[in-house]
Amino acid sequence: MPIVNLLVKPASSLCNMRCRYCFYEDEAANRTQASMGVMTRDTARRMIGQALEAAGPDGSLQVAFQGGEPTLAGLPFFRDFVAETRRQNTNRLPVSYAIQTNALALDEDWAVFLARNHFLVGVSLDGDKTLHDEFRVDASGKGTWTRIQRNLAMLQRAGADCNLLCVVTKRCAKSAGRIYHALQKTGVRYLQFIPCLDPIGEVRGGRPWSLTPDDYGHFLCVLFDAWYRDWKEGRYTSLRLFEDYVHLAMGLPPSTCATSGRCGAYSVVEGDGSVYPCDFFALDDWKLGNLRQTSLAELSKSERAVDFLRRGLQRPAECGDCRWQRLCFGGCPRDWVTDGAGKTGNYYCAAFRRFFAHAEPRLMEIAAAETAARRNAPTF
């Protein structure tokens, strides 16, 4: 059953915040054209039709909106998008929506729309107020924590399904437990943590927010201890990275390409219809084409797309004899670096080795408990 998974940037790299570590602002600046503008209704209509056609009569469609800041496309765009998808979906295929937002521009109308249309709303929130406001500022340089907290509460009152995304900076990494508990206090029980990226082409570690392997290893271990303690005591919080490791230990597929060892889980569609194979590689060298000239199905089979998939299956040489390869798979290729001797490896390899050495027995404990629970679950 074909699953068509799109990551759509309806407002391209446009944003109403100026996060100091923003990877997509840096990525856009490294393209010939930084911003592709706001997506037109015609481009959206074509994309929807091509995606549903690629899914076939028995497939499904998953659409995630991201940016930049996707809400800058405007609520009318999203209303029209959902209505157009419903109109074209004559086979009544399952369609799911998600949006990753800084939540700054949301209001009651947005909250009601997102809840009624069953959007999974990912809100970017970096731990607590002090840590968040250091790097996540608005266009005038002011912190955004208080406004985002208010709008998150508004989403929750409207009944929207929410998760939180925290970017792990150097300062965040020193306060893993504090961040974890601060995010729990929002009432959201679905959390994601992603390591901060340094600018393309720079030697890593030189920015105020730069996350070193030692920082990240420490962060993962402390965070896992807090998460495991909650699991043990029956106060469960979903933490995507650790759940992926548990699923791998159970012999199940993980939820992200970074933990699966396979690229190509989705296609990125920019505001003008340009298509790329990955959000971390939305650069000129990896542009597959434009859906206004070539269909999504054809672009996914292009030589450049196949080459990207092939590269994504490769592993750094040091992965060959690593005892944790089946849980790690070398990580995301965006984190692969080449040293002065020409040796390629994952920048965070030492962090992952430290983490797995620290957490492996307990990951296996959780995996065994979850496997037993599924085996003993009643069937009807």
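The structure is a predicted model, in which local features require pLDDT of at least 70 and side-chain atom pairs count only at pLDDT 80 or more, whereas totals for chains, interfaces and linings use all residues. Residues are numbered from 1 along each chain as its sequence is written, and side-chain values use heavy atoms, with hydrogens and water left out.

A disulfide is taken as a pair of cysteine sulfur atoms within 2.5 Å, and by this rule the count is zero. For Cys-257, the closest cysteine sulfur belongs to Cys-278, at 5.9 Å, which is likewise too far for a bond. Relative accessible area was computed with a 1.4 Å probe on protein chains only, with buried meaning under 20%, exposed over 50% and partly exposed in between. On this scale Cys-15 is partly exposed at 27%, and Cys-257 is partly exposed, also with a value of 27%.

Helices (H or I, at least four residues) and strands (E, at least two) are DSSP runs numbered from the N terminus. Helix H9 (residues 213–232) packs with helix H10 (residues 240–249) at an angle of about 80°, their axes being 11 Å apart. Axes are lines fitted to C-alpha atoms, for helices over the stretch in contact, and angles between N-to-C directions run from 0 to 180 degrees. Angles under 35 degrees count as roughly parallel, over 145 as roughly antiparallel, 65 to 115 as roughly perpendicular and the rest as oblique; H9 and H10 are therefore roughly perpendicular to each other. With contact defined as heavy atoms within 4.5 Å, Tyr-216, Leu-220, Leu-223, Phe-224 and Trp-227 of H9 meet Leu-241, Phe-242, Glu-243 and Val-246 of H10. The residues of this contact comprise eight nonpolar, no polar and one charged. In this classification Ala, Val, Leu, Ile, Met, Phe, Trp, Tyr, Cys and Pro are nonpolar, Asp, Glu, Lys and Arg are charged, and the others, Gly among them, are polar.

A nonpolar core is a set of buried Ala, Val, Leu, Ile, Met, Phe, Trp, Tyr and Cys residues joined through side-chain atoms within 4.5 Å. The largest such core has 99 residues, and those with the most contacts inside it are Phe-65, Phe-119, Phe-193 and Phe-242. H9 gives the most to this core, with nine residues. A second, separate core of 12 residues includes Cys-263, Tyr-266, Cys-278 and Trp-286. Beyond four places in sequence, the contacts of Phe-193 include Phe-219 and Leu-223.

Two threonines are buried. Thr-144, in the loop between helix H5 (129–135) and helix H6 (145–158), is buried at 0% relative accessibility. Among the residues that Thr-144 touches, not counting those up to four places away in sequence, are Met-17, Leu-104 and His-132.

A cis peptide bond, with omega of about 10°, joins Gly-67 and Gly-68, and Gly-68 is in the loop between strand S2 (60–65) and H3. Ser-12 has a positive phi near 50° and is buried at 0%, whereas His-118, with phi near 55°, is exposed at 63%.
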